[in-house]
Number of protein chains: 2
Amino acid sequence: MPEQSNQMQTPNHDRWQVRETHIDPAQQFRNETLFAIGNGYIGLRGTHEEGGLSGPSIEGSYLNGFYESEQIHYPETAYGLAKQNQFMLNVPNGKGIACWIDDEQVSFSTGEIRDYERVLDFRTGVLSRRFTWISPRGRAITVHSKRIVCFEHKHVYALQYNISAINFSGQIKLVSTLDGAVRNIEAGDDPRVGSNQSGAGLELIGSEQNQNRCVLTHRTRNSGFALVSAMDHVLQCDAPAKTVMLSGGQKAAIEYRFPLQQGASATLTKFGAYFSSRDYVESDLKKMAAQELNQAVSLGFDTLCTEQENYLTQFWQHADVEIDGDNALQQGIHFNQFHLLQSVGRDGKTNIAAKGVTGEGYEGHYFWDTEIYIFPFFLYNKPDIARKLLDYRYSSLPKARERARQMSHAKGALYPWRTIAGEECSAYYPAGTAQYHINADIAYSIKQYFEATGDVDFMMRAGTEIVMETARIWMGIGCFAANDPDRFCINEVTGPDEYTALVNNNYYTNIMAQMHLHFSADMAALMLQTDPARFAEVAAQIGLDNDEPQQWRRAAQHMLLPYDEKLGIHPQDDSFLSKKIWDFASTPAENYPLLLHYHPLVIYRHQVCKQADVVLALLLQGDRFSLEEKRRDFDYYEKVTTHDSSLSSCIFSIIASEIGYHDKAYNYFMETARLDLDDTHGNTCYGVHTAAMAGTWMSVAYGFAGMRTYQSKLSFTPRLPEKWRHYQFRVHIQGQLLQVRITETDTEYKLVEGTGLTLNHGAQLVTLTNACPRVCVAMSGQKDDHAI
Amino acid sequence: MPEQSNQMQTPNHDRWQVRETHIDPAQQFRNETLFAIGNGYIGLRGTHEEGGLSGPSIEGSYLNGFYESEQIHYPETAYGLAKQNQFMLNVPNGKGIACWIDDEQVSFSTGEIRDYERVLDFRTGVLSRRFTWISPRGRAITVHSKRIVCFEHKHVYALQYNISAINFSGQIKLVSTLDGAVRNIEAGDDPRVGSNQSGAGLELIGSEQNQNRCVLTHRTRNSGFALVSAMDHVLQCDAPAKTVMLSGGQKAAIEYRFPLQQGASATLTKFGAYFSSRDYVESDLKKMAAQELNQAVSLGFDTLCTEQENYLTQFWQHADVEIDGDNALQQGIHFNQFHLLQSVGRDGKTNIAAKGVTGEGYEGHYFWDTEIYIFPFFLYNKPDIARKLLDYRYSSLPKARERARQMSHAKGALYPWRTIAGEECSAYYPAGTAQYHINADIAYSIKQYFEATGDVDFMMRAGTEIVMETARIWMGIGCFAANDPDRFCINEVTGPDEYTALVNNNYYTNIMAQMHLHFSADMAALMLQTDPARFAEVAAQIGLDNDEPQQWRRAAQHMLLPYDEKLGIHPQDDSFLSKKIWDFASTPAENYPLLLHYHPLVIYRHQVCKQADVVLALLLQGDRFSLEEKRRDFDYYEKVTTHDSSLSSCIFSIIASEIGYHDKAYNYFMETARLDLDDTHGNTCYGVHTAAMAGTWMSVAYGFAGMRTYQSKLSFTPRLPEKWRHYQFRVHIQGQLLQVRITETDTEYKLVEGTGLTLNHGAQLVTLTNACPRVCVAMSGQKDDHAI
């Protein structure tokens with residue numbers, strides 16, 4: 001496996017912050033990602049107000065779900081391939097503030113920087129910087145800037161830029177810009193970055209300036225959206241300022257000129273807003289932006305910061321994972337949780353992209369990452385957001401139906417492998433559209449949601465319809481084997497492991513489809529029973545035949561789930577075990593990830609996995625396997641897995657925990673926990689890895705604490721990793737809030753909110769009530785035993 | 001299956017001609033292909049001197065092997081995918097001659113055409129036209145034109161344009177053009193047409209005119225070739241002509257003005273030549289073109305025509321397949337043979353494209369079609385050309401080695417699935433690079449060649465080296481199954497059937513690889529024995545280990561060749577028989593070919609074949625199967641085969657003959673025999689189907705006459721199709737020429753050239769000697785029995 005040493009230089013591993021203490025050109029690109037801020041809608045990369053150093057950089061301002069589209073050109077085309085790509089578009093950059101002392105411009109490339117510090121604080125949600133710049137002529141100015149993207153105001157961000165004249169008096173010029181001349185990065189040879197080659201940006205259709213405010217109106221060239229980007233300003237300084245409106249081409253700017261006396265300071269506060277016709281009627285956009293800016297200006301920057309902190313306080317009260325014993329790790333976990341919150345769409349029309357709103361990797365697309373990796377974090381920490389993620393899928397159900405027709409399925413709905421607005425955007429179907437398991441993944445998250453929340457309303461309104469429509473696809477692509485009518489087979493699919501493609505009876509796909517088919521029949525029965533009118537309505541709408549649920553059960557009962565007697569393991573697919581095992585011994589470290597060094601045919605021909613596949617099934621369908629089976633599968637697949645996907649380590653960590661491989665569990669966990677902070681995959685510059693971030697939470701809750709919810713029953717089998725003194729996390733379940741605290745001596749279960757809860761600690765039943773909200777169970781053994 | 005009625009309107013099914021008696025706009029595009037002429041290097045589509053009607057058309061002048069290249073852009077790329085496409089480029093069009101009577105231009109869109117006739121004659125090799133044009137003002141002129149591409153002069157073509165003034169006297173203007181402003185067609189959604197989107201044509205770098213001669217020099221933009229296109233003229237008319245040189249932009253032209261009296265006629269003869277730096281040093285090209293034109297002018301058009309006819313007379317003496325009883329069929333067979341001769345490269349540096357030099361379908365690429373479909377025709381009719389086709393492969397062996405390295409094979413050579421100059425040009429690897437059987441196909445043709453000619457020199461010089469280098473790839477991609485070390489498996493390949501992709505143990509691939517590995521070991525042994533010095537040289541060059549031949553044998557001996565006991569058939573691959581059978585009953589006729597109406601995943605998921613796969617193995621490895629096995633395989637695969645590929649019907653015809661399905665054999669044969677003449681696949685407009693054309697010959701020789709060469713032994717089991725009175729063909733073998741004539745009463749074997757030959761007629765041994773060069777064997781039954 002490749003070794004990288006891109007470790008984030010954080011001598012002080014603050015548990016609640018990331019901190020940068022000098023400007024390092026080599027880390028600029030990566031740190032733009034790490035210091036990105038967002039609110040699930042707006043995302044601003046951590047570039048500097050003054051502009052950065054030369055070298056790789058993406059200015060990066062994004063709106064979740066706001067996309068451009070472009071035709072996909074295939075050098076050799078085929079019927080039904082995805083026709084249009086959608087990609088998250090760079091929107092006008094409102095971060096820019098240039099500062100001049102007379103004719104000298106504050107810059108990282110001239111003069112000298114002293115006492116530089118940049119901090120992103122997870123509890124305040126503020127990105128702040130402080131540095132002193134010594135100009136070439138020796139004038140010293142201290143800059144203190146702050147930046148937030150408001151959690152409480154979806155469309156608003158704000159910057160504060162404070163300067164102090166240290167050793168001079170002079171004329172200051174502050175130029176605040178809103179720059180529409182932004183482009184997405186050009187994709188190179190790395191398929192993980194993106195494919196859009198056109199690079200065409202937004203088209204300017206209007207520009208207005210008035211007093212301290214600038215408004216730019218743009219239109220996307222192909223997807224047809226209008227976008228209003230606006231900024232407003234408040235300047236505080238001792239002397240009266242002269243304001244000049246500048247504009248030219250794509251750029252709007254306001255220039256403030258004022259004198260600054262030695263020892264004095266001045267502050268420019270900039271409020272920004274974005275509104276697009278993806279969300280609202282085009283003619284309202286400017287008015288709405290004006291209203292938001294009026295409100296923001298009237299609240300003021302400090303109030304916005306207070307709101308921000310309050311929002312986060314509440315978030316951390318529910319979501320904080322506390323780890324005592326490893327500050328670097330604690331920092332990593334908080335960082336991950338914070339970025340998840342920053343990345344997730346919560347309006348029911350957007351989702352969470354593979355890179356959140358922090359970079360252009362994977363083009364802002366949503367994948368199964370949401371349902372299988374990220375959903376549990378929100379489900380158990382902020383279930384309202386989890387519901388919104390499902391609402392997003394429901395909103396695109398019509399497009400999934402349309403895609404199913406393109407794929408020649410007369411019935412049902414097929415969700416896209418990667419998308420923004422619901423259309424399939426995967427331009428390489430063997431590792432895209434062929435991953436039919438996306439349908440089961442979505443059904444699985446609905447099942448999880450229903451079990452954890454009991455939200456029948458959602459199931460009646462949306463959930464059951466999604467589940468039934470998606471289940472039907474298994475009947476379309478599956479079949480009772482032509483040469484063995486007792487086996488229900490699912491052929492020609494790709495499972496989670498993208499180093500094996502277009503196989504028959506991928507184990508993960510089949511066992512998840514089996515769950516899906518059963519669940520769909522269960523939900524049909526439940527709906528028929530609890531709300532027959534709604535059932536009749538949905539059945540009529542989707543043309544459900546009476547006997548379909550019965551067929552789903554029959555297919556599920558006969559589902560082929562092979563087992564290799566000789567090896568005692570579950571084959572990843574029909575042919576996996578007959579393939580040659582990859583020659584790991586002869587593969588040099590620099591040849592990882594394999595996908596960048598070997599033709600797909602070479603990879604597909606071998607037993608080699610990019611990521612957890614059967615091992616993921618061991619987690620998601622864990623009550624279907626004995627511990628011994630899990631151990632044998634883990635042992636087998638670990639040997640052939642490269643973890644070239646960031647989705648892999650957390651799953652291996654969890655199963656390693658379960659089967660008692662505690663050292664391995666901890667090591668895999670550590671790979672996940674600081675994946676972006678330490679840039680272990682070398683591509684954090686293109687955005688954070690949201691799935692791996694959420695995997696951290698799963699590794700703690702599902703892994704070390706052994707949390708499971710089989711048959712809707714909550715259970716834990718906690719262990720304390722050797723290096724830790726204690727850890728603690730909270731779980732929202734059935735409308736109640738449970739705190740689990742594992743120390744060296746015992747596990748404490750505490751009902752923080754709610755009326756009563758029953759759970760299992762191993763085999764032991766634990767009942768929490770208002771009368772007795774706290775139960776401590778002694779640990780069976782002290783810390784990990786490392787004999788295994 | 002789709003029914004089409006694009007039957008060529010040839011009321012008189014002349015056995016040696018195709019004839020067009022009126023201009024039909026609906027057939028213009030197709031007929032440009034049918035009336036295309038060529039000599040294996042130059043190809044000129046059958047467009048008119050005067051320009052055609054509006055509507056689809058490709059002017060089309062091509063040079064076999066002369067290509068432009070362009071980067072292949074993948075919307076989602078991967079390591080090792082083919083990087084550069086090569087495509088046959090439209091070269092300057094020298095066919096144009098415009099004729100004016102005063103200010104009226106002879107045209108198919110104005111005035112009136114009478115007595116139109118166009119004939120392509122397979123025995124003279126001349127395309128001739130005759131028509132009378134009545135101008136809008138009522139002046140009648142008769143045009144008689146002829147066109148040849150010289151078989152005896154690779155670089156030369158010639159046109160003769162004769163006009164007669166019927167009812168007027170007037171001033172004539174003839175403008176002969178050489179037009180470099182030509183573009184390749186834009187590819188649409190049909191992957192069979194082509195992919196080049198750039199449409200960039202040649203770049204003009206020089207233009208010279210002198211007396212009756214014009215020379216244009218062009219350069220390709222990416223592949224870097226220089227091309228000289230030249231033309232010269234001879235005008236015969238009663239009055240002195242005024243000559244004007246015209247030129248502008250990409251076009252060179254010469255204008256001849258002269259008076260023509262009523263009843264008189266004039267003739268303009270145009271000689272054209274192409275020379276490119278793919279073949280010769282750039283600085284010599286113009287001189288060479290001048291020399292060729294000088295020679296052509298001095299020989300004169302009539303002499304060129306005589307040479308042409310002599311060449312063809314000799315060709316038909318060796319190659320003619322004579323069928324008595326069905327003129328339409330006889331025409332079809334002659335047409336096919338003639339076009340094969342026109343299409344095949346014979347310089348050892350070029351090959352035969354899927355569409356010959358008649359159109360831009362498949363971009364002028366060479367495929368396995370050459371070795372498996374076309375090679376036998378040349379091997380048994382013009383073995384010198386067959387050797388040239390193998391020389392071509394030898395010339396690109398270094399590139400095949402390079403490709404093998406890109407595909408991570410440390411040893412050996414992997415031929416490209418589609419190419420012009422030797423580089424892999426397939427932009428869709430599941431139905432391209434994955435077709436590893438190309439290596440075995442090439443080895444098979446070398447084996448066939450060696451067995452039929454005994455040409456040891458070729459084997460020592462080139463054949464054995466190709467065979468060994470290509471055999472090594474099986475050791476690279478094959479393996480002894482990880483879970484069964486007695487089975488040698490070949491995983492993750494695509495067989496001939498492109499409706500099933502990326503499978504394990506494709507039957508065709510495995511049995512061909514087995515043959516290949518054995519043959520390679522045999523040839524290594526032969527070379528070591530007969531020419532140890534050369535063996536040492538080759539072994540050193542390719543780094544052959546001593547034990548490699550032994551490993552080849554071992555792999556071949558353990559090759560997995562599965563058999564399904566229950567069905568008594570050979571499964572197409574490991575998983576084929578478990579898949580759902582395609583629902584043919586519910587598939588409307590307009591949904592064929594399936595590839596234009598279903599996503600690849602939908603097709604791959606089903607038991608459905610585009611073309612012969614196992615059935616092709618029944619032919620190529622026919623001595624490995626019993627007749628009963630063949631019948632069961634045929635019965636099974638016929639039901640699931642759409643014949644959407646033009647490579648299919650001929651193979652089904654041959655096996656149907658062998659197993660006694662005579663009606664089917666005849667019907668499949670008829671689909672092949674007039675595939676282009678009747679445009680049964682609806683895409684003849686983009687070029688003829690050279691593989692299917694050669695399949696016609698195989699259907700007669702291998703099918704009806706049952707010719708086989710197992711273990712180098714020639715045998716026949718002839719039958720006479722019911723509709724025929726007799727048929728006859730000739731076979732070159734071991735330097736001798738055999739004529740086989742099957743009548744209602746007997747089969748006559750006649751040694752036309754050579755000293756003696758032994759063959760089998762069924763079980764009966766037939767010996768032909770100079771003393772007794774002719775043996776008649778009575779037919780066992782009268783004609784076909786149609787009971788089956």
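Copies are superposed here by least squares on the C-alpha atoms of residues with pLDDT of at least 70 in both. The structure is a predicted model, in which local features need pLDDT of at least 70 and side-chain atom pairs count only at pLDDT 80 or more, while totals for chains, interfaces and linings use all residues. Residues are numbered from 1 along each chain as its sequence is written, chains are lettered from A in the order in which they are written, and side-chain values use heavy atoms, with hydrogens and water left out.

On this basis, chain B is brought onto chain A by a rotation of 180° with 0.0 Å of shift along the axis, at an RMSD of 0.0 Å. That is the relation of a two-fold axis. Of the residues of chain B, B:Tyr74 comes closest to the rotation axis, its C-alpha lying at 3.1 Å.

We can turn next to the interface. With contact taken as heavy atoms within 4.5 Å, 57 residues of chain B are in contact with 57 residues of chain A. Because 100% of the interface residues of chain B are also interface residues in chain A, the copies meet through the same surface. The buried area (the accessible area, with a 1.4 Å probe, that two parts lose on being put together, summed over both) is about 4,900 Å², and carbon and sulfur atoms give 57% of this. On the side of chain B, the residues losing the most area to chain A are B:Pro75, B:Glu76 and B:Arg605, which together account for 15% of what that side buries.

Four salt bridges (a side-chain nitrogen of Lys or Arg within 4 Å of a carboxyl oxygen of Asp or Glu) are found across the interface of chain B and chain A. One salt bridge pairs A:Glu76 with B:Arg418, with the closest N and O atoms 3.7 Å apart.

Helices and strands are DSSP runs (H or I, at least four residues, for helices; E, at least two, for strands), numbered from the N terminus. The largest share of the side of chain B that touches chain A, four residues, comes from H13(B).

B:Arg139 is buried, at a relative accessible area of 12%, where buried means under 20% with a 1.4 Å probe and protein chains only. Leaving aside residues up to four places away in sequence, B:Arg139 touches several residues, including B:Asp102, B:Trp133 and B:Phe168.

Technical notes:
Buried < 20%, exposed > 50% of the residue type's maximum accessible area, 1.4 Å probe, protein only.
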